[in-house]
Amino acid sequence: MAKFGREGKKEVPAFTTASMSDIVFMLLFFFMVTTNMRETESKVMYQLPEASEVAKLERKDLAAYISVGPPAKYLQQQYGTSPRIQLNDSFRTTDDIRDFIAAERESKSEADRQFMTVSIKADQDVKMGIITDIKQELRKCSALKIMYAARKSTN
Amino acid sequence: MSKKVPELNSASSADIAFLLLSYFLMTTTMNQDSGLQRRLPPMPAKDQEVQDQKVNRRNIIIVKINSQDRLFAGNEPIEVSRLKDKIKEFLLNPNDDPKLPEKEMKDIEGFGQYPVSKGVISLQNDRGTSYQAYIAVQNEIVRAINEIREDFCRANYGKAYENLTEEQQEIVREAVPQLISEAEPKDVSQN
């Protein structure tokens with residue numbers, strides 16, 4: 001039959017890839033809007049404690065982060081495994097918190113300074129001694145708004 | 001007839017967009033910061049005498065966690081799971097027990113008179129307490145207060161706290177205050 005004879009010659013039309021870039025760009029914009037840049041490399045390992053009554057940090061741009069925990073695996077040979085405090089990009093002691101807070105304050109705009117929150121990201125296994133030292137130091141430089149970072153528990 | 005403009009080959013633009021996408025996926029984070037928000041008490045000035053705030057004994061509950069992560073509320077050992085009910089009973093004082101905190105009639109703007117509990121929760125910990133236990137206790141206390149607030153909302157507005165307007169939430173926060181005192185560090189290891 002002539003009707004079926006032509007079938008072999010029929011070409012599959014080319015797949016249009018012009019719209020693919022639009023789709024990918026849409027994805028790209030989604031990620032650009034919902035995520036934020038990773039500012040510092042985490043040198044301490046922390047597993048945040050779980051809590052059910054967590055509240056979201058409203059103004060992320062007004063936050064200063066203090067991480068506490070044992071040094072990351074690749075740094076343990078150099079620094080040991082006892083919990084350390086990380087401010088910005090390096091290990092520091094509680095004495096450096098004053099300068100750190102002053103610098104963070106300086107970087108925020110004048111009107112927003114009073115709303116600055118210090119987020120303490122501490123490993124769940126650290127002892128309260130180190131946290132208490134940080135809290136005392138924060139009180140001394142009157143950075144009173146703090147947040148104990150925690151994971152939202154699933155149940 | 002004008003010359004036909006050759007069509008731009010757009011096959012590679014998807015690759016370029018993918019490259020950009022992967023770059024953003026790698027350099028950005030999506031984790032939301034969440035946690036328990038607190039306000040630390042201001043440091044007393046150096047020349048100022050450290051004076052104990054006069055708080056009536058019945059108005060304060062001391063929650064202690066020792067270095068073995070054992071929990072004490074009002075001088076008796078207690079399980080973390082039972083702390084919430086203890087705090088709720090302490091703050092609500094439903095039977096006007098003279099041992100539990102007194103209530104003060106307070107005029108709340110936009111709401112009227114409401115007996116506000118004067119109870120303060122004093123949280124004490126040892127240097128050897130684990131952070132996990134500390135957060136668990138903090139969480140239980142916040143949960144107790146949140147449940148009281150939720151009951152207050154249901155009784156007075158018939159709605160959940162998060163569905164109230166900004167002003168109504170303010171009223172609720174005033175009627176059920178979150179008074180947690182994180183005391184000066186103390187050594188409670190002897191307990």
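Predicted model: local features only at pLDDT ≥ 70, side-chain atom pairs only at ≥ 80, totals over all residues.
1. Reading chain B from the N terminus, the elements go α-β-β-β-β-β-α-β-β-β-α-α-β, which amounts to four helices and nine strands. Helices here are DSSP runs of H or I with at least four residues, strands are E runs of at least two, and numbering starts at the N terminus. Residues are numbered from 1 along each chain as its sequence is written, with chains lettered from A in the order in which they are written.

2. On to the interface: 49 residues of chain A are in contact with 41 residues of chain B (contact: C-beta atoms, placed from the backbone, within 7 Å). α2(A) gives the most to chain A's side, with 10 residues.

3. β3(A) and β2(B), residues 34-39, run antiparallel and are joined by two bridges (pairing takes at least two DSSP bridges). Look for A:K56 opposite B:S34.

4. The largest nonpolar core has 51 residues, and A:V68, A:I120, A:A150 and B:V137 have the most contacts inside it. Such a core is a set of buried Ala, Val, Leu, Ile, Met, Phe, Trp, Tyr and Cys residues joined through C-beta atoms within 7 Å; buried means 20 or more other C-beta atoms within 10 Å of a residue's own, all placed from the backbone. Helix α3(B), residues 131-156, gives the most to this core, with 11 residues.

Terms used:
Contact = placed C-beta atoms within 7 Å. Buried ≥ 20, exposed ≤ 12 C-beta atoms within 10 Å, placed from the backbone.
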